[in-house]
Amino acid sequence: MSTEAAASDPYNGLLQVEPTLPSHVYWSADDYQRDLAAIWYRNWVLACRAADVAQPLAWRTVRIGTQDIVVLRDETGALQAFHNTCRHRGSQLCQGEAGRLKARLITCPYHSWSYSLRGDLVRVPSKSLPEGFSKADYPLYRVAIAEWRGFIFVNLADAPAPIEEAFDPASSDLSNWPLESLVSGHVFRKTMACNWKIFWENFNECLHCPNVHPHLSKLVPIYGRGLMARHDDPDWARHADNDAPEFSGKLRDGAETWSEDGRAHGPVFEGLTERERAAGQTYAVSLPSMFVVGHVDYVRVVRLVPLGPEETELTAEWLFPPQALQEDNTDIGNIVAFGVRVMEEDAAVCEINQRGLKSIRHEAGVLMPEEYDLHRFHNWVRAQHGNSPAPR
Ligand code: FES
Ligand SMILES: [Fe+2]
């Protein structure tokens, strides 16, 4: 989703016919494996919040496509990530979603090989070792891990780019939001019967908003026009000085945030600029796995996990300043209900989109001018595939 462009920016819309990606990339098993190899196993992917592994020895498992990763905090407080796979005969190491190790060792549940929290093999319980066997040759398979402003990302590539490059420079960096110190108020999880790219396509346009999101379209009047930003309108110059929400992209008059009644919960963030406060929503996007949307009083993080060619898990988490969730102030239902409705509406339409794509006649679709960000997403996908070796 675009944020409001500067007044000098030209019209955003597409000027020529652009095809979508071919239909088979949304459902074929081969294309799904190609996406995993070229995109999901080569980019930074959101794993969890740093607070989810706050204590030394805390661990968490993370799925990325078919890959099972364990993220943990070692005894020195450093973050580590490994494939959740034993070097002996490949057993899974940590089972379940999260836990805390009892000792400074990861011990395989099968034949009890033990690894230090830096992944070194330290104990093999066999009575003798074969000639030429050296424990140093069998460390856990390391995975790159990085913390970005309270969020933990992992990357399965051998030599990943810096984490800062994981964010779309056309989106905001939310640098004025105190992301590190926010705490979780609510988590919503849903498995959607659609390819992961369908989710991002839907995210990247608001042509569907008047039809699919009647409530949201009232709160953000420009969405009610099927547009995301002022410069999406071919006629934008005629309204360039008009500050009304349907042209500027601001929230409807009187609304402060994305909530059922438009009211904020608890304190508003102090460091926001006038423009950020007025914008109503500011997005930071990291393909392929997540976006964060900043409002004046909270942020919402949406994380994707591809589960199969036609199955994607969505997890949304609402993060607030700690004082917004203290005893007498815990009712965030006004905010959660609004976001859940929007996500349910989007998930439903993504699933409908997915179901139509199997037609043997529908080789590809075509984009309309408002879908310029979707075109940018398609080009990103094409570039990712162009840059990658053949799938294993
Ligand atoms: S598979 Fe892990 S110790 Fe045997
Ligand atoms: Fe939507």
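Biologist: Quick one to start: is L57 buried or exposed?
Modeller: L57 counts as buried, because its relative accessibility is 13% and the cut-off for buried is under 20%. Keep in mind that this is a predicted model.

Biologist: Okay, and where is L57?
Modeller: You'll find L57 in the loop between β1 (45-49) and β2 (58-64).

Biologist: What's the phi of L57 like, positive or negative?
Modeller: Positive, at about 80°, even though L57 is not a glycine. For background, most residues other than glycine have a negative phi.

Biologist: Which residue other than glycine has a positive phi near 65°?
Modeller: That's S112. Look for S112 in the loop between β6 (105-107) and β7 (114-116).

Biologist: How accessible is S112?
Modeller: S112 has a relative accessible area of 28%, so it is partly exposed.

Biologist: New topic: peptide bonds. Which two residues does a cis peptide bond join?
Modeller: L287 and P288, with omega at about 5°. In general, most peptide bonds are trans.

Biologist: Where does P288 lie?
Modeller: P288 is in the loop between β12 (282-286) and β13 (290-294).

Biologist: Let's do helices. At what angle do α2 and α7 cross?
Modeller: Roughly 120°, and their axes come within 10 Å. Helix α2 covers residues 196-203, while helix α7 covers 333-356. That angle makes α2 oblique to α7, because 65 to 115 degrees is the range for roughly perpendicular and over 145 the one for roughly antiparallel.

Biologist: Is that crossing left-handed or right-handed?
Modeller: Right-handed, as α2 passes α7.

Biologist: So which residues in α2 and α7 meet?
Modeller: From α2 you have I198, F199 and N202. On the α7 side they meet D346, V349, C350, N353 and Q354.

Biologist: How do the residues of that contact divide into nonpolar, polar and charged?
Modeller: Four are nonpolar, three are polar and one is charged in the contact of α2 with α7.

Definitions and conventions
Residues numbered from 1 in each chain as written. Chains lettered and ligands numbered in written order. Predicted model: local features only at pLDDT ≥ 70, side-chain atom pairs only at ≥ 80, totals over all residues. Heavy atoms only, no water. Axes fitted to C-alpha atoms, helices over the stretch in contact; angles between N-to-C directions. Helix = DSSP H or I, 4+ residues; strand = E, 2+ residues; numbered from the N terminus. Parallel < 35°, antiparallel > 145°, perpendicular 65-115°, else oblique. Left-handed = near helix turned anticlockwise from the far one by under 90°. Contact = heavy atoms within 4.5 Å. Nonpolar A, V, L, I, M, F, W, Y, C, P; charged D, E, K, R; others polar. Buried < 20%, exposed > 50% of the residue type's maximum accessible area, 1.4 Å probe, protein only.
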